[in-house]
Amino acid sequence: MASVSARRALIERLENEAAVAPGRYRVKVALLALAGFAVLGGAVVLAFGLSIGLVLLLVALSPWLLLKLAKLIWIPIGFGWVLLRSLWVKFSPPDGHRLAAHEAPALWAEVEHLRVATGAPKLAGIVIDADLNAAAVSVPRAMGLLGHRHYLLLGLPLMQLLDRSQFASVVAHEFGHFGGGHGRFAGWIYHVRASWYRLLGALQAQEAWASQLFVRFFNWYAPYFDAYSFVLARAQEFEADAAAARVAGPQAAGKALVRVNVGAARLEQEFWPGLQRASQTQPAPPALLYREMGEHLRVPASSDGDRLAQALARVPDFDDTHPTLAQRLAALGIDQVELPEAQAGCAEELLGPLLPDLERRFSDDWRVRVEEGWQRGFQQHAQDRTRLEALEAQPSRTPDEAVEHAGLVESLRPETDALPIYQEALVLAPEHAFAHFRVGCLLLDRGDAAGIGHLEKAMALDDGSAEAVLQRLDGFYRDTGDLAGRDRVADEWARVQARWGKVHQARNTLADDDAFLPHGLDAPATEAVRDALARVGGVGRAWLVRKRLPPGGEAVPHHVMLVTLRGFVWNESARLQQVVDALVLPGSVLVFVATNRRGIARRVRKVAGEPLYRRGWW
């Protein structure tokens, strides 16, 4: 995997190349995409060609030999079929409310006017969803061989936030992707990437030996393809902004960018956290969330100035294809940036009577998704308040109670600075992973690099926290422009994934060098296993052991069970899966029979001793 600094250098070089010679750059992107297809298609042709060649050779030598070696012929056919299926990526229309022809005539008319003005192709539909965003979506037909269906995706909160001219600039921006043919080309590029990743996923899921044939090529291909397509996508954003400025004017386009950036930050930092706090005191979620969201977005907040300053100060990020707000405003020729003022959105004007229906529908969908968790959270908050009162009434606290107290204060009293409370808890519990994690996060939120050491300590104490820790570290290094730090995070993440991959493989496979230990179950757990095997039926005997896992996997035990099956078994895999489903064991379990694994079965019996289960013992 290329380092962050190396990827940045590559992208910067490609951006310069694209600016100097855009046509040549697009040709390179197309050729690089075709290289992926050539490898995939060549592998399919080779696989089926080998099968046909083997058939012809064996027929020429001896028909009897063809029958005896029939399985050999199916190996390349099966490999080719995996490849072929991975190439077929199904693209679905965007999710949301697809606008009927009779709905929102004002919106249809506005969109059609903007489509003609930008020269975009005809739409297959307008889809409205619940996000503060908009998108041009091209859906390939028959893998793009029969063209594409184009959809305009509009977020209801976006229409609640922007006025008519600002909304027009956003739609023109999306049509700017369509109008220049970017939607079709980007859709094809996306198809290549999706096919490639799906191929490797299919091969790795089946633990196919053939996947190793592609690893070396993929390690070269993936970073270059991502970098080239990244530059293309970023250049398209500037071109689409230019289309928005031509149709709606640069001032409207700039104001739309500012309002969307500030509005999105307010939702993330203010609206959703406020809703989380409301779940502590309200037993049910609000009935019309998306109406409340619209009202929240329309009224400026005193903290909008800070949010705008943060957005303008953001440095270019080479993980996001969108340029920064400052870069986009500069490209539009806007050097005077104003804070958003109170204004009515265009949703009511363009959607008419459909607006309350959509607000209610999206609110109902959201409420159904969160209601059960909301009620559980409300009950848990009541228990947490009782627990916090009990902890604070104690004359002293154990180390674990001190950390628990800090966590409850942070959750239930957001106005209280929890950092010193966690730091006091760390004095009592210096090896507590969660306390180090929260101290690290709170310090980094203040821009204090001392949090790095706490997060690294948390990861060392708890391997399961690695993903969350590395995400926070990467975000801090990104915001501070520390490329070397991001490289270290990327390297550590690669090591973590490799370690987890070994543990995952160890849990799902049996190997000759596996080490086994006694199962370690107590008497009640052993009886539960026997009862489960008796209920399943068809098991003659069973031996149970625990497998020694690679570093990082010891915290969750993994059991291996050897069974003998009674009577005629039509589908051995299905019967073994029934056994797995019936067992209730701590951690994970793998069940197998001795067929073709006699050496492993012999070692399992030796470690286990007497069978844990024998049919007819009681």
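**Helix packing, nonpolar cores and a loop asparagine**

The crossing of α18 and α19 is left-handed in this predicted model. Helix α18 spans residues 433–445 and helix α19 residues 451–461; their axes lie 7 Å apart, and the two helices pack at an angle of about 155°. An angle over 145° counts as roughly antiparallel, and α18 and α19 are therefore roughly antiparallel to each other. On the α18 side, the contact is made by A433, H436, F437, V439, G440, C441, L443 and L444. The residues contributed by α19 are G451, I452, H454, L455, K457, A458 and L461.

Helix α18 also packs with helix α20, which comprises residues 466–480; the axes of α18 and α20 come within 11 Å and cross at roughly 15°. Because angles under 35° count as roughly parallel, this crossing makes α18 roughly parallel to α20. The crossing of α18 and α20 is likewise left-handed. Here F437, C441, L444 and D445 of α18 meet A468, V469, R472, L473 and F476 of α20.

At the level of the whole chain, 24 helices and nine strands are present. Of the 618 residues in the chain, 43% are buried. Among contacts between residues at least 6 apart in sequence, 74% join residues at least 24 apart.

The largest nonpolar core contains 42 residues. Within this core, the residues with the most contacts are L107, I128, L154, M159, F167, F175 and L351. For I128, when neighbours within four places in sequence are left aside, the contacting residues are G96, H97, L99, L107, L154, L156, L351, L358 and F362. Another core, of 19 residues, lies apart from the largest one and includes A406, L419, I421 and A435.

Turning to the loop between β7 (558–565) and α23 (572–582), N571 is found in this segment. The relative accessible area of N571 is 42%, and this residue is partly exposed, because the value falls between the 20% limit for buried residues and the 50% limit for exposed ones. The side chain of N571 reaches two backbone nitrogens: that of S573 at 3.2 Å, and that of A574, which lies 3.0 Å from a polar atom of the N571 side chain.

Definitions and conventions
Residues are numbered from 1 along each chain as its sequence is written. This is a predicted model: local features need pLDDT of at least 70, side-chain atom pairs count only at pLDDT 80 or more; totals for chains, interfaces and linings use all residues. Side-chain values use heavy atoms; hydrogens and water are left out. Helices (H or I, at least four residues) and strands (E, at least two) are DSSP runs, numbered from the N terminus. Buried means under 20% relative accessible area, exposed over 50%, partly exposed in between (1.4 Å probe, protein chains only). A polar contact is a pair of N or O atoms within 3.5 Å; within protein, one must be able to donate a hydrogen and the other to accept it, and residues adjacent in sequence count only if both atoms are side-chain atoms. A nonpolar core is a set of buried Ala, Val, Leu, Ile, Met, Phe, Trp, Tyr and Cys residues joined through side-chain atoms within 4.5 Å. Contact means heavy atoms within 4.5 Å. Axes are lines fitted to C-alpha atoms, for helices over the stretch in contact, and angles run from 0 to 180 degrees between N-to-C directions. Angles under 35 degrees count as roughly parallel, over 145 as roughly antiparallel, 65 to 115 as roughly perpendicular and the rest as oblique. A crossing is left-handed if the near helix is turned anticlockwise from the far one by less than a right angle, and right-handed if clockwise.
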